[in-house]
Amino acid sequence: MQFSHSDAIWQAFPELGAGVLHAGGIHAAVDVEEAIASFSAIAEARLAEAQEGEFPEIQAWRRGFSRMGLKPTQYRSASEALLRRFRKERALPRLHPLIDLCNAISLAFAIPVAVFDTENIAGEFQVRHATGHETYLTFGGESEHPEPNEVIFADGEGRAHARRWTNRQSGLSAVRETTRSVLIVAEALHAGAGGDTGRLVATLADALARHWPVTPMTATLGRASPRFDFQA
């Protein structure tokens, strides 16, 4: 399989930094609570100094959403939504050990982290502008069509696995108890995004190797090297 961002995305967002990771052998029978506490403490310390809306990583995504024609306070990046909830509740709900770990790392880095079950992705997987004909399955089981020109994660069968870029993931490729193979994508638009997403993915790869019997495959993407090939 191959993951990439379209040329049009790189042209519109040349500041984009992206890190990707693929791993097989995932299961739900692991305890990641100690790691979650460690990463959550990083976020807590940062939130003690300023609210998430003042973080440069979040401000950059707000500017990016504005450039996409979206109201930043109506449609928040996944990392901003997580930080906002964490600031108010001091905890996040537990869903699956891998998702819980990725959410905690997203909190620590203030960078959106998307996790996809590769068994439900067909063909080439790409972040691109929608035509408006793609189908999107909500977590509630309803089918939608993204707006034309909306930034989506789309597969080779014209299915959208995320809407509004880092705002809303599909239920189709969400991680479940049966998930074994995942593609994880971290994206940022702030100054230094490439280095920070690279560090995030390296941190995540180390955490995965400590909790699961896996050897993650990782890459940092840019305009010069925009594609990631992996065996699902």
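User: Which residues touch the most other members of the largest nonpolar core?
Analyst: The model is predicted. Its largest nonpolar core holds 33 residues. Those that touch the most other members are Leu98, Leu101, Val115, Ile184, Leu208 and Trp212.

User: Which element gives the most residues to this core?
Analyst: Strand 2, helix 2, helix 5, strand 3 (113–117), strand 10 (182–188) and helix 6 (193–211) each give two or more residues. With eight residues, the top contributor is helix 5.

User: What does Leu208 contact, leaving aside neighbours within four places in sequence?
Analyst: Leu208 is among the residues that touch the most other members of the largest core. Leaving aside neighbours within four places in sequence, its contacts include Leu98 and Leu101, and both of these meet helix 6 from helix 5.

User: How is helix 2 oriented relative to helix 5?
Analyst: Helix 2 (residues 33–49) packs on helix 5 (residues 97–109) with the axes 8 Å apart and an angle of about 25 degrees. Angles under 35 degrees count as roughly parallel. Therefore helix 2 is, relative to helix 5, roughly parallel.

User: Which class makes up 11 residues of the contact of helix 2 with helix 5?
Analyst: Helix 2 brings Ala35, Ile36, Phe39, Ser40, Ile42, Ala43 and Arg46 against Asp100, Leu101, Ala104, Ile105, Leu107, Ala108 and Phe109 of helix 5. By class, one residue is polar, two are charged and 11 are nonpolar.

User: What is the handedness of the crossing where helix 5 passes helix 6?
Analyst: The axes of helix 5 and helix 6 lie 11 Å apart at an angle of about 145 degrees. The contact comprises two charged, one polar and nine nonpolar residues. Whereas the crossing of helix 2 and helix 5 is left-handed, that of helix 5 and helix 6 is right-handed.

User: Is Ala28 buried, partly exposed or exposed?
Analyst: Ala28 sits in the loop between strand 2 (17–23) and helix 2. Leaving aside neighbours within four places in sequence, Ala28 contacts His96, Pro97 and Glu177. Buried means under 20% relative accessible area. Ala28 has 21% relative accessibility, so the residue counts as partly exposed.

User: How far apart in space are Ala28 and Thr178?
Analyst: In sequence, 150 residues separate Ala28 and Thr178. From C-alpha to C-alpha, their separation in space is 8.3 Å.

Notes: Residues are numbered from 1 along each chain as its sequence is written. This is a predicted model: local features need pLDDT of at least 70, side-chain atom pairs count only at pLDDT 80 or more; totals for chains, interfaces and linings use all residues. Side-chain values use heavy atoms; hydrogens and water are left out. Axes are lines fitted to C-alpha atoms, for helices over the stretch in contact, and angles run from 0 to 180 degrees between N-to-C directions. Helices (H or I, at least four residues) and strands (E, at least two) are DSSP runs, numbered from the N terminus. Angles under 35 degrees count as roughly parallel, over 145 as roughly antiparallel, 65 to 115 as roughly perpendicular and the rest as oblique. A crossing is left-handed if the near helix is turned anticlockwise from the far one by less than a right angle, and right-handed if clockwise. Contact means heavy atoms within 4.5 Å. Ala, Val, Leu, Ile, Met, Phe, Trp, Tyr, Cys and Pro count as nonpolar, Asp, Glu, Lys and Arg as charged, and the others, Gly among them, as polar. Buried means under 20% relative accessible area, exposed over 50%, partly exposed in between (1.4 Å probe, protein chains only). A nonpolar core is a set of buried Ala, Val, Leu, Ile, Met, Phe, Trp, Tyr and Cys residues joined through side-chain atoms within 4.5 Å.
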